[in-house]
Amino acid sequence: MGEEPTTSRINYLRLSVTDRCNLRCRYCTYWRDWRKLPSGEILRYEELLRLAAVAGEIGISKVRITGGEPLVRRGLVEFLGKLHHLPGITKVCLTTNGVLLPEQAPALYDTGLRHLNISLDTLRRERYRQITGKDHLPEVLAGLEKAAALGFHPLKINCVVLKGINDDEVLDLAMLARDHPCQVRFIELMPTVSQEWWQRHFLPLTEVVRRLTLLGPLVPSTREATAGPARIFQVPGFQGELGFITPMSGHHCRTCNRLRLTADGKLRPCLLAATELDLKEPLRQGLGNDLLGYLFQEAMELKAGKVKHPLPPSRHSSRSMVSIGG
Ligand code: SAM
């Protein structure tokens, strides 16, 4: 890609505020083996704010709140209100499964939050129950309508494509972008559960793109908001756009700009590598902002390949998605 592996492009931090989730998505985690973190291990909001402030001081400008399911954690609205005011943090985003959006969307909007991603893999109620283990599709659809009516923008819908499970619905899901000013993003399945399950249900997005051309020409978007791993397209007559995220068939480490902080305070330079830097213990032992900043800097340098021990390449995440936050 010809891009320099500098740390300056690393300006995006994904903050997982909880490992708890109100869904049990089949592809996310081995739920049978999953054990929730003791609550004392989870960073308190004031600790998260302190770390986000340090990150803001050393070049992180975009923070995405994720989980687990962030909306199940009490006090999130107040936390978001404070996050918006940290120096250096110019963009705050939230990723949610949408189940609790009908009641929480107005308060979230009032914090100043505008960037909202909703995960939704199917529009069929029984299928939703099969994928997520819960019968919450009506709440998610109501949450989506409410978010659109309130004016969240950009509003993105994340859909993991699963061969033999929901790949016959890609046209219906794409239609959400015809009827709403939102971006429907199709995502390739990553092998976070078993290799065998992944092989059975992985579908490269080239196949999805082929099917979606039935809607009309897919015109590459020229809008500024296209930064990030998604390739964005417009379709004539659509209010919104379509996006494609290919972590398996087309990932480019050199353009990845994100760090991840797990709910128990481990900073991960890469989703798919086991390397983690512990921030919780240093924070709780009273380390100052400058030293915490060095730890962020170290993670950035690991990511940019500037230090001797490069991240071990792997296509498998060493932790489940629910504990990293996607
Ligand atoms: N609960 C929130 C949600 O549902 O958006 C945030 C956490 S969830 C782990 C974040 C994203 O990771 C979701 O969009 C989910 O579909 C995606 N995800 C989880 N496991 C995945 C996998 N194996 N492959 C691709 N995406 C995955």
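Threonine 192 sits in the loop that links β6 (183–188) to α7 (195–201), where helices (H or I, at least four residues) and strands (E, at least two) are DSSP runs numbered from the N terminus. The model you are looking at is predicted, so local features need pLDDT of at least 70 and side-chain atom pairs count only at pLDDT 80 or more, while totals for chains, interfaces and linings use all residues. Residues are numbered from 1 along each chain as its sequence is written, and side-chain values use heavy atoms, with hydrogens and water left out.

- A polar atom of the threonine 192 side chain lies 2.8 Å from the backbone oxygen of tyrosine 27.
- In another loop, between α5 (137–150) and β5 (155–161), you will find proline 154, joined to histidine 153 by a cis peptide bond with omega about 0°.

**The ligand and its shell**

- The ligand is surrounded by 19 residues, the closest being Gly68, Thr95, Ser119, Met190 and Thr192 (a residue is near if one of its heavy atoms lies within 4 Å).
- The side chain of tyrosine 27 has an N or O atom 3.0 Å from a ligand oxygen.
- Glycine 68 places a polar backbone atom 2.9 Å from a nitrogen atom of the ligand.
- For serine 119, a polar side-chain atom is 2.6 Å from a ligand oxygen.
- On its own the ligand has 550 Å² of accessible area, and the protein covers 93% of that (Shrake-Rupley method, 1.4 Å probe).
- β3 and β5 are the elements that give two or more residues to this shell.

**Helix α2**

- Leu76, Phe79, Leu80, Gly81 and Leu83 are the buried residues of α2 (residues 76–83).
- These buried residues pack against β1 (12–16), α1 (45–57), β2 (62–66), β3 (91–96) and α3 (101–110), with contact meaning heavy atoms within 4.5 Å.

**The sheet**

- Twelve strands form an open sheet with mixed pairing, in the order β7-β8-β9-β6-β5-β4-β3-β2-β1-β10-β11-β12; two strands pair if DSSP finds at least two bridges between them.
- At the edges are β7 (219–220) and β12 (277–278), each pairing on one side only.
- Strand β11 (residues 266–268) runs antiparallel to β12 and is joined to it by 2 bridges.
- Leucine 267 has leucine 277 of β12 as its bridge partner.

Key
A polar contact is a pair of N or O atoms within 3.5 Å; within protein, one must be able to donate a hydrogen and the other to accept it, and residues adjacent in sequence count only if both atoms are side-chain atoms. Buried means under 20% relative accessible area, exposed over 50%, partly exposed in between (1.4 Å probe, protein chains only).
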